[in-house]
Amino acid sequence: MRSGDSWEFERAGVLFDCDGVLVDSVASAAPAWEAWARRHAPSFDFLRDAPHGMRPSEVVAGLVGPDAAAATAELVALEIEAAVHTRAIPGAARLVGSLPRDVWAVVTSSNRAVALARLQSSHVPRPPTLVAAEDVPRGKPEPDPYLLGAYRLARAAEDCIVFEDSVPGIRSARAAGAGFVVGVGAGSADGDPDVVVAGLRAVRWRDGVLVVDTAGGVG
């Protein structure tokens, strides 16, 4: 329900993407991918070429071919090692720390160990429920990740609010039938979310209601 410059959602499930929504992982992902690319795909430049929002295994397969399991495992190990450079998105730790454990989950394209290492390094509370790359047969932009996230919260996707920063992630949420999609960061506008906010400082949990304030947002 809209109230002035805010949207308010009562009794909704809340599904967060991880990278770009809860944590800023560019400083950790870039050196890991660069080290990996020197061996496996020298022409690949992470900052220039990385298709954000997709599972690493799918990106690796596109670069080295279908027999990519070993190369993916090597990348995951590098990402875990580099996770110490991850930082929280402003407002993320406060917001998820205020949420009841049964209303929120993280739905990420990262592998489970990578996502947990990044959350720990950025001091964002560990999610009670985590859907990671290896949990679904098809990753974003397919609906599988967000359908599973809603299911694990014992909710229909239409009763969930999704926070996403990437176009594939927003398409995944839409395909799953999410009730409302909040884009995080100006780049998310390309996916046509319902609203765009600059960061999670604009979001709060108040007396059982999730409040998304768009007054200071980016769209």
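The largest pocket of this predicted model holds about 470 Å³ of space, the volume being that filled by probe spheres set on grid points joined across faces, edges and corners. A pocket here is an open set of points on a 1 Å grid over the protein atoms alone, where a 1.4 Å probe fits, with protein on both sides within 12 Å along at least five of seven lines; lining residues have an atom within 4 Å of a point. There are 26 lining residues, and Asp19, Ser25, Phe46, His52 and Gly53 are the closest to the pocket centre. Two or more residues each come from β4 (23-24), α1 and α3, with α1 giving the most, three. Helices (H or I, at least four residues) and strands (E, at least two) are DSSP runs, numbered from the N terminus.

We can turn next to the two helices. The axes of α1 (residues 26-40) and α3 (residues 56-64) come within 12 Å and cross at roughly 25°, axes being lines fitted to C-alpha atoms over the stretch in contact, with angles from 0 to 180 degrees between N-to-C directions. The pair is therefore roughly parallel, a label for angles under 35 degrees. In α1, Trp33, Trp36 and His40 meet Pro56, Val59, Val60, Leu63 and Val64 of α3, contact meaning heavy atoms within 4.5 Å.

Residues are numbered from 1 along each chain as its sequence is written, and side-chain values use heavy atoms, without hydrogens and water. Local features need pLDDT of at least 70 and side-chain atom pairs count only at pLDDT 80 or more, while totals for chains, interfaces and linings use all residues.

Methods:
Parallel < 35°, antiparallel > 145°, perpendicular 65-115°, else oblique.
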